[in-house]
Amino acid sequence: MKLAKGISWVNVNCVASAGKGQLTLVIETVGEFTITCPSNKVHLGVNQLDLAEGRKGRFRIETTDHVQWIADIQTPD
């Protein structure tokens, strides 16, 4: 994935099938963040990245089987 200089948005929605779950989104060369995924409602998360320079890196999700998730990254034009 290529991230351009400027503001990008990282959207992560998740829910756990039992109890609370955790999800970590890792963007190599940029960083990572962890969110708690509740079981009683969907967590809607939006995070802003403001990069001083463009970078390349993979993005991956680390979590357990009982967490359902969807994620996307919106980059500047």
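Q: Is Ser8 buried or exposed in this predicted model?
A: Buried means under 20% relative accessible area, exposed over 50%, and partly exposed in between, with a 1.4 Å probe and protein chains only. Ser8 lies in strand S2, a strand being a DSSP run of E with at least two residues, numbered from the N terminus. Because its relative accessibility is 0%, Ser8 counts as buried.

Q: Which residue of strand S8 is the bridge partner of Asn11?
A: Two strands pair if DSSP finds at least two bridges between them, and strand S2 (residues 6–16) pairs with S8 in the antiparallel sense over eight bridges. Within S8, the bridge partner of Asn11 is Asp72.

Q: What is the order of the strands in the open sheet?
A: The sheet has three strands with antiparallel pairing. Strand S5 (43–51) and strand S8 (67–74) each have a single partner strand, so both stand at the edges, with one side of each left without a neighbour in the sheet. The order is therefore S5-S2-S8.

Q: How far apart in space are Ile73 and Trp9, C-alpha to C-alpha?
A: Ile73 is found in strand S8 and is buried, with a relative accessible area of 17%. Leaving aside neighbours within four places in sequence, its contacts (heavy atoms within 4.5 Å) include Ser8, Trp9 and Val10. Although Ile73 and Trp9 are 64 residues apart in sequence, their C-alpha separation in space is 5.6 Å.

Residues are numbered from 1 along each chain as its sequence is written. In this predicted model, local features need pLDDT of at least 70 and side-chain atom pairs count only at pLDDT 80 or more, while totals for chains, interfaces and linings use all residues, and side-chain values use heavy atoms, with hydrogens and water left out.

Conventions
Helix = DSSP H or I, 4+ residues; strand = E, 2+ residues; numbered from the N terminus.
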